[in-house]
Amino acid sequence: MNAADEALLADPEAAPGDGTKEDGAKEDRHFVTALARGLAVLACFGPGRTSLANHDLAAACGLPRSTVSRLTYTLTKLGYLHHTAETGRYRLGNATIALSSAALGGLDVRGIARPVLRAVAEAANASVGLGVRDRLSMRYVDCQRGPAAISLNLDTGSRISLARSAMGRAYVAVCPERERESIYEDLKALDPVAWPALRAASTGRWPSIARSAAAPRSASGRRRSAPSAWASIPVAACRRCRSIAAARPSSPTPGS
């Protein structure tokens with residue numbers, strides 16, 4: 001396992017990949033390696049990494065600098081990157097705005113869920129996010145905050161770890177069995193050493209928490225207490241849209 005894979009497991013924003021090995025893709029005659037490399041270059045950009053040079057991109061992608069230079073040249077010509085001659089660095093171009101707008105506009109679940117997310121955020125004084133799976137990450141596609149909710153550095157487009165985040169574990173708990181097993185295989189291949197701990201976390205209390213989220217009251221009608229260890233509480237899941245909504249209380253207290 002290379003350093004980029006290790007960084008990804010700890011922080012999904014640290015590297016663009018998801019543990020999928022390019023060598024394995026070579027066995028698929030339909031897989032276009034050049035296209036995958038170009039998309040990997042674009043995926044290097046994000047919060048805190050808005051301006052990158054060729055050597056930064058080469059290090060992040062694990063590619064020769066000469067290869068990255070050709071990729072950035074092509075992406076610049078197509079408008080997906082913008083080159084600043086004074087610094088020799090690149091930033092995302094305007095063509096990526098069109099892609100992101102089209103992608104978000106095609107998610108009907110955002111418009112359907114937003115009134116509910118806002119109502120939950122205001123009622124629970126929480127930050128409520130709607131996320132979709134992005135390989136071994138969860139990608140925020142909407143976020144609503146209560147009037148006094150703690151402001152988090154997470155907004156639409158933010159990416160968090162699938163294996164180490166509450167939203168990600170909740171997604172794993174409610175996704176179809178075949179998809180869950182595929183996720184487990186990818187996580188195990190990414191880091192066999194860390195896998196046992198991740199497997200234990202994903203099969204512990206999270207499945208029952210996620211599946212019972214739609215019924216947050218006990219049989220007696222009393223609201224269940226929220227364990228202080230919860231970093232986030234899954235509140236809804238849509239398998240057809242492959243999305244999950246999760247609330248992060250500002251200060252969970254027993255009996256709240």
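A contact here means heavy atoms within 4.5 Å. By that criterion R110 touches L104, L130, V141 and D142, with residues up to four places away in sequence not counted. The model is predicted: local features need pLDDT of at least 70, side-chain atom pairs count only at pLDDT 80 or more, and totals for chains, interfaces and linings use all residues. Residues are numbered from 1 along each chain as its sequence is written, and side-chain values use heavy atoms, with hydrogens and water left out.

Confidence comes next. pLDDT is the predictor's confidence in each residue, from 0 to 100. Its mean over the chain is 75, and 66% of the residues reach 70 or more. Helices (H or I, at least four residues) and strands (E, at least two) are DSSP runs, numbered from the N terminus. In the chain, helix α5 (residues 65-77) has the highest confidence, at a mean of 97, whereas helix α1 (residues 3-10) has the lowest, at 40. Residues 209-231 have pLDDT below 50, and this stretch makes 31 contacts in the model beyond near neighbours in sequence. Residues 251-256 are also below 50, with 6 contacts counted in that way. Where pLDDT is low, the predicted coordinates should not be read in detail.

The strands can be followed through their pairing; two strands pair if DSSP finds at least two bridges between them. Strand β1 (residues 81-84) and strand β2 (residues 89-92) run antiparallel and are joined by 4 bridges. Within this pair, L81 stands opposite L92. The hairpin of β1 and β2 has 4 residues between the strands, and G88 takes a positive phi near 75° there.

Strand β3 (residues 126-134) is joined to β4 by 8 bridges, and the two run antiparallel. V128 of this pairing stands opposite Q144 in β4. The hairpin of β3 and β4 has 2 residues between the strands, and R135 has a positive phi near 55°. β4 is also joined to strand β5 (residues 159-161), by 3 bridges and again antiparallel. In that pairing R139 stands opposite R159.

Buried means under 20% relative accessible area, exposed over 50%, and partly exposed in between, with a 1.4 Å probe and protein chains only. Strand β4 (residues 137-145) is largely enclosed by the rest of the structure, because 7 of its 9 residues are buried.

R110 can now be placed. It is found in helix α7 (residues 108-124), and it counts as buried because its relative accessibility is 16%. R110 and L130 are 20 residues apart along the chain, yet their C-alpha atoms are separated by 7.8 Å.

In strand β5 is S161, which is buried with a relative accessible area of 8%. A polar atom of the S161 side chain lies 3.0 Å from the backbone nitrogen of R164.

What remains is the cysteines. A disulfide is a pair of cysteine sulfur atoms within 2.5 Å, and the structure holds 0 of them. C44 is in no disulfide, and the nearest cysteine sulfur, that of C61, is 3.4 Å away. C61 is likewise in no disulfide, its nearest cysteine sulfur being that of C44 at 3.4 Å. C44 counts as buried because its relative accessibility is 4%.

Conventions
A polar contact is a pair of N or O atoms within 3.5 Å; within protein, one must be able to donate a hydrogen and the other to accept it, and residues adjacent in sequence count only if both atoms are side-chain atoms.
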